[in-house]
Amino acid sequence: MRGLPMFPLGTVLMPHMVLPLHVFEPRYRHLFRQLMDEAPEDRTFGVVRITAGDEVGGGEHRADVGTVARILQAEELPDGRWLAVTVGTRRLRVAAWWPDDPYPQAGVELLAEDGVDDGVVARRDLLVPRVRRLLALRSELGDTTVPSTFELSADPATSCWQLLVLTPLPEEAAERLLGTDGWDQRLDAFGAELAALEAAGADELRGPR
């Protein structure tokens, strides 16, 4: 177990997902000032989803599975706020929450990286066309956030995470997938979530009956 500063948010951060942040609460301003004094490789913190409550003010309920985020860029504004670009690196599980003094902190376990073999890549390749069709359908419905012409990384593990990140999953579903160990099991679960999204999109396109 290792100690890590934490940044609970209303969204799920996955490995290889870029997360821009506008840091305005005093406790997180303090955190970023401390982190930016560290070496670049040590500018990390944990992100977990807030399952109940608000992002601002504290007292929220937090998930126990999340992702380590690393700061790529950060700029302090004249009024003390920060604008930052971060990226998810690897999964974590919270073993114990520590007092929020001066910001949320926890003892965490870094979860093992999942291997990606040829079988996983073949299963990923079967899912890619379905995600493209779903994104094209959502585009017809007015959601052009992610183009269906996306390109995946040549790295197998990165590309599997990217496929999940590009899919418009509900936060609860994204959290379940993040907490699932092993790519065989995770892609099985992802396929089921994708089927639900496909059915909902088709119903919306057909309109009221």
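Student: Where is the place of leucine 197?

Tutor: Leucine 197 is in helix H5, which covers residues 183-206. Helices here are DSSP runs of H or I with at least four residues, strands are runs of E with at least two, and both are numbered from the N terminus. The model is predicted, so local features need pLDDT of at least 70 and side-chain atom pairs count only at pLDDT 80 or more, while totals for chains, interfaces and linings use all residues. Residues are numbered from 1 along each chain as its sequence is written, and side-chain values use heavy atoms, with hydrogens and water left out.

Student: Why is leucine 197 called buried?

Tutor: Buried means under 20% relative accessible area, exposed means over 50%, and partly exposed is in between (1.4 Å probe, protein chains only). Leucine 197 has a relative accessible area of 14%, and is therefore buried.

Student: Which residues does leucine 197 touch?

Tutor: Leaving out residues up to four places away in sequence, leucine 197 touches Leu134, Thr167, Pro168, Leu169 and Pro170. Contact means heavy atoms within 4.5 Å. Leucine 197 and valine 131 are 66 residues apart in sequence, and their C-alpha atoms are 9.7 Å apart in space.

Student: How do you know that the span of helix H2 agrees with its number of residues?

Tutor: The expected span of a helix is 1.5 Å times one less than its number of residues. Helix H2 (residues 118-140) has 23 residues and should therefore span 33 Å; its end C-alpha atoms are 34 Å apart, which agrees.

Student: What caps the N-terminal end of H2?

Tutor: Aspartate 117 does, with a side-chain oxygen 3.1 Å from the backbone nitrogen of glycine 119. Just after H2, glycine 142 takes a positive phi of about 105 degrees.

Student: What makes H2 roughly parallel to H3?

Tutor: The axes of H2 and helix H3 (residues 156-166) come within 10 Å and cross at roughly 25 degrees. This makes the two helices roughly parallel. Angles under 35 degrees count as roughly parallel, over 145 as roughly antiparallel, 65 to 115 as roughly perpendicular and the rest as oblique.

Student: Which residues meet where H2 and H3 are in contact?

Tutor: From H2, Val120, Val121, Arg124, Leu127, Val128, Val131 and Leu135 meet Pro156, Ser159, Cys160, Leu163 and Leu166 of H3. Among the buried residues of H2 are Arg124, Leu127 and Val128.

Student: Why does leucine 163 count as buried?

Tutor: Leucine 163 has 0% relative accessibility, and so counts as buried. Leucine 163 lies in helix H3 and touches, among others beyond four places in sequence, Phe150, Leu152 and Phe190. Its C-alpha atom is separated by 7.3 Å from that of valine 128, 35 residues apart along the chain.

Student: What makes threonine 67 buried?

Tutor: Threonine 67 has a relative accessible area of 0%, and is therefore buried. Its place is in strand S4 (residues 61-76), and its side chain reaches the backbone oxygen of leucine 13 at 2.6 Å.

Key:
A polar contact is a pair of N or O atoms within 3.5 Å; within protein, one must be able to donate a hydrogen and the other to accept it, and residues adjacent in sequence count only if both atoms are side-chain atoms. Axes are lines fitted to C-alpha atoms, for helices over the stretch in contact, and angles run from 0 to 180 degrees between N-to-C directions.
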